[in-house]
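Here is a briefing on a predicted model. It covers confidence and one chain–chain interface.

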Amino acid sequence: MKLLDRLQERQKLDADLFIHRMFLTQQPVMLAGYKSLIDLPHTLMLLQQQAQNAIAAERPLFALGSGIGDCISPTEELKVIEAMSEGNLIILSESSDLCIKIVPISRTLSRAIEAPTTENVIRGSVSAFNEDLDTNIGLIKKHVHSEKLRTQSYRFEKGQRRQAILLYMEGQTNPSFLNALKRRIESNLGNNIPNLQALNKLLGFPVWTLISRFNTTELPENAAYALEKGKVVLFLDRFPFAIILPSMITDMFAVANDRNFPLFFMITMRLLRTIGVLANMLMPGLYVALVSVNPDVLRIELALSIASSRVGVPYPAIVETLLLLLVLELILEASIRLPKTIGPTITMVGGIILGQAVVNAKLVSNILIIILAATTIASFTVVGFHNSIFIRISKYLILILSALYGVLGLFAGVVVVCVYLASVNTFGIPYLYQPKARENSDG
Amino acid sequence: MDKSLQVMVMYLLTHIGLIFFMYPTDIIEVVDVGHWSAILLGFALHVALMGIFLKGLGYFAPRNLIDIFLGVGKVFSIILLLPVTLYFLMTIIIDIRAYSEIVTLVFLAKTPLWVTMVLLLSVPAFISALGVETLFRSGVLVAILFFPFLLLIFCLSFQNADWRYIFPLMDKQAASLSYVVSRPYLLSLFAFTGGFMFLGFIPPYITYKRRKVMWASALLLPFFLISVYVPILTFGQSTASRFQFPFITAVDTVNISWLMFDRVTLFLLLSLVCFAMLFISLIMWKTTLLIRRGFPSIRPVTTTMLLSLAIFIVCLYIPDWKTVERLLWWNTYLRLYVMIVIPFITLFLGIRHHRKGAACP
Amino acid sequence: MITKHHIHDVLKMLLMTGFLTVLCGCWDIKDINHRTLPIVMGVEKKNDAYNVFLLIPENNQGGTGAKVVTGTGETINEVVDRFSKDMEVQVDLLHLKVIVFERAIAEQGLSDSISSFMRARDISPKTIVAISEEKLEPLFEKLKSSSKNGGVEIYNFFEKSAGWTPHVAQTRIWQIFRSLNSFTHDVAIPIIEPGRTTTIASTGSAVIKNGKMVGKITPDETLMFNAFNGLGTQGRIEVMDHGSVLIVADKLTHSSSIKGNKAILNCRLQLKVTILETKGSPSVTMIKRELDEMLTGQIQQMFRNIQSKEADILGMGQFFRTKLSRERLEHWRSEYYPYMKLNVQVNTIIQNKGLLKMKN
C-alpha cells in the first residue's frame, strides 16, 4: 500500500489531512481528505447508508459502475492530492487495490445568500451572488429558465487554480464576439488570475484604459438581463460577482431593476443619471471657464455675486478647484476604507466643519463649494462604482482644458471624451453600440 | 452592418459646422434680394452632384473611390486623385486657420493664434488617428449632446426677426441668375462641396444606404436657409452685408431673461466649432488614406502626425484674414474640379463597369 | 485597423503638447474678481474731448454699492484703457448694460461710436442706449447714491422682465446700428434724467435719424411708438377726462398701398381695456368714444411730428417692402415718407368694468 504510506507521510506535514479507518460492508477501508473541507460525521453517515443499500441490493460496493464515485489509479498520487484539495473524499479499500474519489458532504465555507453590499435594490430581487461558484450558477439558473442557456467551464491551472464558468444564450449572442472571447480564454488557460487586472490582461484589453471592458454585478437579476440582451456572463470562483462582457455605455445609465418601475419613472430616472454624469463632468470645468476666462457669458447678477464671493481668494480658480476636488476625493476614498459606524463622522467633519472653515478662511469661494458638492453627489448617480471612476477622471481633463481655453476648452474636452468612448471596443463590439433597443442613453 | 444613421449624422454635422460662418456672408454679398434663389440653386446643385456621385459609387459597392480609380490604372488615378489630395490639404489649412481666427475674434482675444490652432489641430489629429469607425461613432455621440442645444438656439435666433425684411422676394438681378459666376457665389459653394466627398472614401469600413443619405441632405436645407435668413430678418440686407459673420452677430442680439447665461452665441459658436473639428478630422483621415496609398510604408499614426505638423507650420505662415480669403479663392478652382469632375467620372466609370459586368457576367 | 500601440503614441504626443501649452502660460485667464465689470457708461463732450463716466459695482463681500470713475480723452477707448491702467483691476466692458450719451453728442451724431461698438466685441450689441438732457455728473451721482445692488438698478429700469414700462423706449446698440444702414427704419432713444424721488425718470424719447438726434417725443407718444413696434402696452394707465383704463391687450393691423407716387398706410389699432377709475358717472360708450378719439389724435400728432423730421421711427417703410423695389426703397425717407398719408382707426373693446357695475 504505497499510496497510504505516502499519505501518512504527508499527514505529518499537513495537519489538516485526516486518514480515517472504517468498515464499509464489512470491508475495511481508509478514508482520506481535508478536515477543513469535509463535514466528516455527515459524510460517514452517508457512506454507511450507501453501504446498507449495497448490501440490500446484494452487489459489491466497490464494483465498477456501482456509481458511488470515480476511480483513480492509486499510482497517480498527484491526482489524488488534487482531488482532495478540491474537497473530495478519497476511499482506499484495503482489500482490493482501489482508490475512489467521492463527493462528500462539505462544510459550508461560503456565506449564505445575502442582500448585495455594493448595489442597492429598491424594488426587485434582493439576493446577491456570493463566493461560491455553484451557488452563483444556481442563482442564475433560477432567474433564466431557458433551454438556450449554455454553460462552459474552464479551469485555469496555474498559481491559485481557479474555475471559470462562461454563460451565454445560444442564438442571442453575437457569434463572432463569442468565438473571439472563447478562443482568447482557451489559449490562455495556463495563466493565473489572482484579480480582475489579471483577467483584463488575459482577455487582451489594454492596461492603460479608463473604461473597464467588463461590467460587474452582484445581482442575479442584472446578470440574467444581460444574458437575455445577448451578453456573456463570466463567473470566476471566489469572486462574489458576475462579470458581464461586453460592457456598454448603457450600463452606466440603465439597470434591469429600472424596469420594475413604471415606464415614465424609468425614463426620468435614466435621464436623471445622464444629467448627473454630464453635471459631474462639466460643472467644475464650466466654473473655471466662466470665472477665469469667459466671465462675459454669465449674467451680470451672477457674475457680481461670484466676484464678491471670490474677493480675497489668493489663487486662480483652477488651483482653487483642484484643491477642493482633491479634498473631496480624499473624503471619498476615506469613506470607502472606514467602517460603517465611523462613516457619518467623516462626512460631518469633511462636509460641514471643513467646508465651513474653508469658506470662512477665504481659501475658496463658497459658490465653488456648492458646485463641487453638487458635482460629487452627481458622480454617484451613475450605475456601478467602476463606471463612476471614468467620469471622475475625465472631469480633470475637461477642467484643465477649460482653464486653458475657457468654454472652448470645455467643449473640446467633451469632444475628446466622446471620441475616447467611441474608440473603446470589446472584441469588436463598440462601447457605444446599441443592441437594437433604442433607449435614452448617452454620455 | 448598415451604418446609415452614423453616416447621416456625420453628413449633417460636417455641413452644419461649415455653413454658419462664411456662407451667409457670401450669399448676402451675392444678391441684394431673393437670397432664397441663390441658396436653392446651390442646394439643388449639391443634391444633383451628390446623387450622381452616389449613383456612380453604387455600381462599385462596397469599393471606395481610391480602389475604383486604381482599378482603371495607376497613372489615371494619380492624375485624378492628386488634385483631390491637394484640395483636402488646403481645406484643412484654411479651416484651421479660419476657425482659430474666429475663436480669437469672438472670445479668446488675448490667447495667441497658435495656441488655438494647436487645440483645433490636435483634437482632429487624435480623432483621425483612432480610425474612421471611432470618428463616426463619436459623431453620433457629439450630435446627441450638442444638437438639442443647437436647435434651441436656432429657435431663439428668430427672437428679433422682422419678417417684413423677407420682401422684396425677387428682382431682375436675382431672377437673371447672373450672380452664378460671381466670385462670392463661387466661394459660397464651399459649404456644399466639402462634405459629401467623404461618402466615396468610407466604404468598406462603413457601409450605408444611398437613399437614406439623400434624405439626410433634405434635412440640411432648413439650416442653409436659417443661416442666411436670420441675419437678413434681424438686420435687413443693407446692415447684414456690413458684418463679417452675420449669423453670429444676429444671434448676439438675442436677449433671454430666463437663462443663467448672457451670451448664448458662445455656446452656438462652440458647438459649431466642435462640429468643424469632426469635419477636419474626417478630411484628415481621408488625406492620410490617400497619402498612405501613395506611400504604403509609413505607419498610419506617423502619417497623421507628420501631416498635422506640416499643416501647423503652414498655418503659422498665414499672416492675416486677407490671406485666408485669398487661399479660399484659390481653393475654389480645386473645389470646382472636385465637385464636378469627380462625381461625373465616377458615374462614367460606374456605367462602364456595369455594362461590362452585364456583357460578360 | 490601428493597433493599441499606435494609439499610445498619439496619447503621448497629446500629453506632450498639453504640457507644453500649460508651461507656456495661460493668456486669457484673469479671474473674475480681478476684473471690474462696469454696468453703466456715460459719454459727454467737453471741449472736443470725450468725458467718460463708468458706474462700477464695488466688489466687496455682499456685493452692494457702486462707485463712479471719470476720465477725459480723445476717444472712448483711450479713456477706458486709462481706467484699466490706473485701477488695481482690469476694466472689462463685457457686461456693460447701459450707455448714456449726452444730448449734445447725440445731436452731433452717434454713428462713429455705435459702429466702433459693433466692431469691437467687448461691448455687447445688446447694450441699451439712453440720452441725458443734462450733464452726466448729477445723473451718475444719483445712480451711485441709490445703488443698493451693485448698480443693477438702471439696467432693471430698462429690462422688460423687471421694471420697464411702455412709456420708455428700449433701444439697443444693434438697433441703432441697423438704423444707420437701413433705408426704412429709424429709432427712438429714451431720454433720462435723475429723478427727484426715484433713481431715474424718463422725459420722453429722442428721435434719431441716421445716428443724429433730430427731435423729441413725449412719454405718451413713446407709448404709441412701442405699441406700433409690437412691444406690449400692457399695464398702462390712460388718464382721460372721465377716468382711466388699463390696457390688457393690443393688436395692430396694417394695409399699405401706393397710389401714384403717394404712399398710403391704413392702420387699425385694436385695444382691449378694463376700466380702472371713473370721474363722475360716464357711460361705457362715452369712455370708449373718448379713448378712440384721443388715441387717434395722439398718433396722428406724433406722426406729423416725426414726419416733418423725415425720421421713420415707426418703421413704416417696412410695410411698403412688398410694394416698392429695392432701388426705390433706397429713397424712401426723402421721396415717399414726407408725403405719406396715415389713416389711423382706433377700436377699443372694453373687456370688463372691474368689480363694480357700470351703465353702458
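Where pLDDT is low, the predicted coordinates should not be read in detail.

**Extent of the interface**
- Contacts link 42 residues of chain B with 37 residues of chain C.
- The two chains, B and C, bury about 3,900 Å² between them, 60% of it on carbon and sulfur atoms.
- Buried area is the accessible area (1.4 Å probe) that two parts lose on being put together, summed over both.
- On the chain B side, B:Arg164, B:Tyr165 and B:Arg242 lose the most area to chain C, together 14% of what that side buries.

- Chains B and C share 1 salt bridge (a side-chain nitrogen of Lys or Arg within 4 Å of a carboxyl oxygen of Asp or Glu).
- Its partners are C:Lys97 and B:Asp262, at 2.9 Å, N to O.

**Make-up of the chain B side**
- By class, the side of chain B that touches chain C has 21 nonpolar, 12 polar and 9 charged residues.
- Nonpolar means Ala, Val, Leu, Ile, Met, Phe, Trp, Tyr, Cys and Pro; charged means Asp, Glu, Lys and Arg; the others, Gly among them, count as polar.

**Conventions**
- Residues are numbered from 1 along each chain as its sequence is written, and chains are lettered from A and ligands numbered from 1 in the order in which they are written.
- In this predicted model, local features need pLDDT of at least 70, side-chain atom pairs count only at pLDDT 80 or more, and totals for chains, interfaces and linings use all residues; side-chain values use heavy atoms, with hydrogens and water left out.

Terms used:
Contact means heavy atoms within 4.5 Å.
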